[in-house]
Amino acid sequence: MPSDPVLPPEPASPTNPDIVAELLAILDLERLETDLFRGVSPQNGWKRVFGGQVVGQALVAATRTVPSARAPHSLHAYFLLGGDPSVPIVYEVERIRDGQSFTTRRVKAIQHGRAIFAMTASYQVTESGHAHQAAMPEAPPPESLPDTKSLLAKGVPGIPAAVAGYFGRPRPIELKPVDLRRYLEGGPQAPLCNVWLRAASTLPDDPAIHQAVLAYASDMTLLDATLIAHGCSVFDADIQSASLDHALWFHRPFRADDWLLYAQDSPNAAGARGFARGQIFSRDGTLVASVAQEGLIRPRSA
């Protein structure tokens with residue numbers, strides 16, 4: 001639990017409503033047929049589709065084939081090919097199982113006639129039972145941390161330009177790293193990283209929207225945790241990085257427009273791959289979701 005007193009939720013910033021509206025539009029898929037959907041990507045100059053976007057859109061596609069009384073509790077996905085942001089992505093949903101308590105869906109994302117992504121998601125009716133959770137690591141409240149865009153605008157000696165560009169640009173998800181020393185000091189450090197995140201403006205109340213937005217955000221910064229122990233980052237030009245798979249478990253209700261602490265660690269790296277885990281806590285210390293991911297972290301000189 002944080003050592004600082006728990007503060008009431010801070011209203012989401014109204015400064016970027018258009019950016020969040022664009023994200024919601026991207027997650028609002030077009031239905032082509034009963035179990036067939038089409039999504040688009042933002043035209044922001046990126047050469048590849050952001051992995052979190054595909055995870056979020058695939059979750060939306062699956063959820064739209066499931067009764068509203070059932071909520072997703074887990075998803076497991078593989079990134080197969082880099083997505084092309086210039087053309088739509090078609091999501092094909094397969095209805096694997098509809099049981100008394102659980103529903104299972106498989107989703108395939110297709111571009112240019114090939115599968116670029118595959119995901120299985122499981123849904124459950126609401127039930128009660130035994131409950132426990134890990135404790136949230138100590139972290140300063142988000143209000144005590146400078147807005148990253150403002151921080152970098154003032155100039156921070158030693159911050160690489162690529163890092164400044166990533167954290168400084170407007171985005172639908174606000175990010176506040178708890179500690180930027182790894183980018184300032186360099187050198188190997190303990191593979192731990194805490195980041196506060198939330199949607200940049202208030203979201204509709206529909207829980208499915210908050211789940212899709214968190215799925216989108218869960219691919220942010222996680223792979224970079226695998227390089228902390230080696231004194232480098234995904235922003236380094238000599239590192240070829242890409243997400244290979246992604247797993248997400250939803251534990252408890254949450255709002256993605258309230259601050260959430262993304263506590264990340266990396267227990268292993270080997271074979272040009274890094275493995276990272278994440279625990280996502282609401283600001284009152286409730287564990288709302290867990291994440292795991294393996295990614296390519298190949299030295300370009302190899």
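I looked up A272 and noted that, at 28% relative accessibility, A272 counts as partly exposed; buried means under 20% relative accessible area, exposed over 50%, and partly exposed in between, with a 1.4 Å probe and protein chains only.

I note that this is a predicted model, in which local features need pLDDT of at least 70, side-chain atom pairs count only at pLDDT 80 or more, and totals for chains, interfaces and linings use all residues. Residues are numbered from 1 along each chain as its sequence is written, and side-chain values use heavy atoms, with hydrogens and water left out.

**Positive phi**

I found A272 in the loop between β11 (260–270) and β12 (273–282). Strands here are DSSP runs (E, at least two residues), numbered from the N terminus. A272 is not a glycine, yet its phi is positive, near 65°.

I then turned to H112, in the loop between β5 (102–111) and β6 (114–125). H112 is also not a glycine and has a positive phi of about 50°. With a relative accessible area of 58%, H112 is exposed.

**Strand β8**

I checked β8 (residues 192–199) next: six of its eight residues are buried, so the strand is largely enclosed by the rest of the structure.

I looked up its pairing, where two strands pair if DSSP finds at least two bridges between them. Strand β7 (residues 173–177) runs antiparallel to β8 and is joined to it by five bridges. In this pair I found P177 opposite V195 of β8. β8 and β11 are also antiparallel, with six bridges. There, L192 stands opposite D265 in β11.

How values were computed: Helices (H or I, at least four residues) and strands (E, at least two) are DSSP runs, numbered from the N terminus.
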